[in-house]
Amino acid sequence: MVEVTVTPQSSLSDRPVQIRVQGLSPSQLVTLRAWLKDEQGERFQSRAFFRADRSGEVDPGNHAALGGSYSGVWPMGLFWFLQPDTLFRRLVKRDVAGSPFLVRLEVFNGIQLDTDPQEQPLASCEAERWYVGPGVQRVPIREGRVRGALFLPP
């Protein structure tokens, strides 16, 4: 049974996570895709093609991507190379304290080039990427022409 995991499942957006796919056939060619929808409903996604090792595992931190949104060994490549489906959109988190970005990770058999794959993923999971840690207080700043926010630790 194929399984994809992200560890830790919930983390701050600037912290690395480990992605692992297990249960594949040795040397199986797969597409690992990450995608999210921003607060405006715009979808951002990335994909990378991997060949499973002898034990049927894929680890982007140790195995080189053969192509897709990037190639080579990039442990956080699926997060760093997220691109919008609509040109000229930028990934911006507006509600930094209230909710995380929910990043969906999916594994497909073979090479998937479609933005909406027609087949079901072999496995999937979800990662929470927070911009503010627990207990951090956000204080709006309005002083003269200065606008901003002060983030105070717990």
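Tutor: Let's begin with L78. Setting aside neighbours within four places in sequence, L78 is in contact with I19, L32, A34, S46, R47, A48, Y70 and L105. Contact means heavy atoms within 4.5 Å.

Student: Before we go on, what kind of model is this, and how are residues numbered?

Tutor: This is a predicted model, numbered from 1 along each chain as its sequence is written. Local features need pLDDT of at least 70, side-chain atom pairs count only at pLDDT 80 or more, totals for chains, interfaces and linings use all residues, and side-chain values use heavy atoms, with hydrogens and water left out.

Student: Okay. Which residues have the most contacts inside the largest nonpolar core?

Tutor: They are V4, I19, V21, L32, F50 and L78. That core has 29 residues. A nonpolar core is a set of buried Ala, Val, Leu, Ile, Met, Phe, Trp, Tyr and Cys residues joined through side-chain atoms within 4.5 Å. Buried means under 20% relative accessible area, exposed means over 50%, and partly exposed is in between, using a 1.4 Å probe and protein chains only.

Student: Which elements each supply at least two residues of this core?

Tutor: β1 (3-7), β3 (18-22), β4 (29-37), β5 (43-51), α1 (77-80), β8 (101-109) and β9 (123-130) do.

Student: Why would such side chains sit together?

Tutor: In soluble globular proteins, nonpolar side chains tend to be buried together.

Student: Let's zoom out. How many helices and strands are in the chain?

Tutor: The chain has one helix and eleven strands. From the N terminus, the order is β-β-β-β-β-β-α-β-β-β-β-β. Helices (H or I, at least four residues) and strands (E, at least two) are DSSP runs, numbered from the N terminus.

Student: And what does the C-alpha trace span?

Tutor: About 60 × 35 × 25 Å along its principal axes. Of the 154 residues in the chain, 38% are buried.

Student: What about contacts between residues at least 6 apart in sequence?

Tutor: Among those, 53% join residues at least 24 apart.

Student: Back to single residues. Is T31 buried or exposed?

Tutor: T31 is buried, because its relative accessible area is 0%. T31 sits in strand β4. Its side chain reaches the backbone nitrogen of Q112 at 2.8 Å.

Student: What else is T31 in contact with?

Tutor: Leaving out neighbours within four places in sequence, T31 is in contact with R47, A48, F49, E106, V107, F108, G110, I111 and Q112.

Student: Now R90. Buried or exposed?

Tutor: R90 counts as exposed because its relative accessible area is 68%. R90 lies in the loop between β7 (83-84) and β8. Apart from neighbours within four places in sequence, R90 is in contact with D38 and F44.

Student: How far apart are R90 and P26?

Tutor: They are 64 residues apart in sequence and 38 Å apart in space, C-alpha to C-alpha.

Student: What about V96 in that loop?

Tutor: V96 is also placed in the loop between β7 and β8. At 18% relative accessibility, V96 counts as buried. Its C-alpha is 7.4 Å from that of W130, although V96 and W130 are 34 residues apart along the chain. Setting aside neighbours within four places in sequence, V96 is in contact with Y131, V132 and F151.

Student: Backbone next. Which residues does a cis peptide bond join?

Tutor: T7 and P8, with omega about -10 degrees. P8 is in the loop between β1 and β2 (10-12).

Student: What is phi for S27 and for F88?

Tutor: S27 has a phi near 65 degrees, which is positive in a residue other than glycine. F88 is not a glycine either, and its phi is positive at about 70 degrees.

Student: Where are they, and are they buried or exposed?

Tutor: S27 is in the loop between β3 and β4. S27 counts as partly exposed, at 43% relative accessibility. F88 lies in the loop between β7 and β8. F88 is exposed, with a relative accessible area of 82%.

Student: Last one: W80. Where is W80 found?

Tutor: W80 is in helix α1. With a relative accessible area of 55%, W80 is exposed. The C-alpha atoms of W80 and Y70 are separated by 9.7 Å, and these residues are ten apart along the chain.

How values were computed: Polar contact = N/O pair within 3.5 Å; in protein donor to acceptor, adjacent residues only side chain to side chain.
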